[in-house]
Amino acid sequence: FFFFQAEDGIRDFCLSRGLGDVYKRQIQGSSTNTQLLSPFQLGDITLKNKIVMAPLLRGRADTNTAVPADYSAEYYKQRASAGLIITECTAISRRGLAYIGQCGIFTQEQVEQWKKVTAAVHEEGGKIFVQLFHGGRASHPDFTNGEIPWAPSAITARDEVHTLEGLKKLVAPKEMTEEDIQEVLKEYRKAAENALEAGFDGVEIQAAHGYLVDQFLRDWTNRRQDKWGGSAESRVRFCQEVVDICISVFGAGRVGIRVTPVGRYRDMFDSDPINTYTCLLYTSDAADDLLCVDLGGRRIIKKK
């Protein structure tokens, strides 16, 4: 969150980031607090204000079961005065885990714990989305019961990760077969269905920061020559399929996506990000239906 002491600070912040239109539309000519704290219609969701709590990795889940900690409900309840909460990155499968103490949403025990979280947030009049996550090559065998991480191509990230045994280098991933891809897509569907059962108001797809969906999008990590790789139109296919799945479960008005077109975290790069993300966001029927696009936490753009 950014807090400014005066309107001049808000203006300078917006103008320095090319958001002059946002400043004029949302702030100039009216009370800043009134604008920020007024209700807002975001797709199918009516928010009580325009404050959105970004996803923040907590690392407090059980390291064996990936079940959220008992005090997670209280943690999110305390923050329910925000118009919308987006949860910490939440793995769709055991293989999708990439951090110590990361939460999951792939077992019934996890779902039951998330029900307590959503109930607590709703009790305070808040709204909450879960961020669906798969680490891909950014995972490590220490988190996946010794199994090698999966990725669109067998390219090792030049990076390290904290494990229970200390800092370790990321390992060479296995290039996913078509069967592997279909399996992960099924896991996304099950995770979305679990999120609906758990009482979440919607989902945000983690397609940023060097994790699995991002790895399919960018040509630095996707060297495939099949229908999921090669051209930008093929590289965005996996992401489009995940979007379609989530929309089929929640509806377009309750699905968002997080992207970082030029982010370098987890050894990421794309040779032509304008082409890649134009293809994703403006030539895809699925993406055109999205509730919002989150540019790595910087701003939210409504698609319609």
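Q: In which helix is S72 found?
A: S72 belongs to helix 4, residues 72–77; helices (H or I, at least four residues) are DSSP runs numbered from the N terminus. This is a predicted model, in which local features need pLDDT of at least 70, side-chain atom pairs count only at pLDDT 80 or more, and totals for chains, interfaces and linings use all residues. Residues are numbered from 1 along each chain as its sequence is written, and side-chain values use heavy atoms, with hydrogens and water left out.

Q: Does one call S72 buried or exposed, and why?
A: Buried means under 20% relative accessible area, exposed over 50%, and partly exposed in between (1.4 Å probe, protein chains only). S72 counts as buried because its relative accessibility is 9%.

Q: Which backbone oxygen does the side chain of S72 reach?
A: The side chain of S72 reaches the backbone oxygen of A69, at 2.9 Å.

Q: How many disulfides does a search of the whole structure find?
A: A disulfide is a pair of cysteine sulfur atoms within 2.5 Å. The search finds zero. C89 is in no disulfide, and its nearest cysteine sulfur, that of C103, lies 8.4 Å away.

Q: Are C89 and C279 buried or exposed?
A: C89 counts as buried because its relative accessibility is 8%. C279 likewise counts as buried, at 7% relative accessibility.

Key. Helices (H or I, at least four residues) and strands (E, at least two) are DSSP runs, numbered from the N terminus. A polar contact is a pair of N or O atoms within 3.5 Å; within protein, one must be able to donate a hydrogen and the other to accept it, and residues adjacent in sequence count only if both atoms are side-chain atoms.
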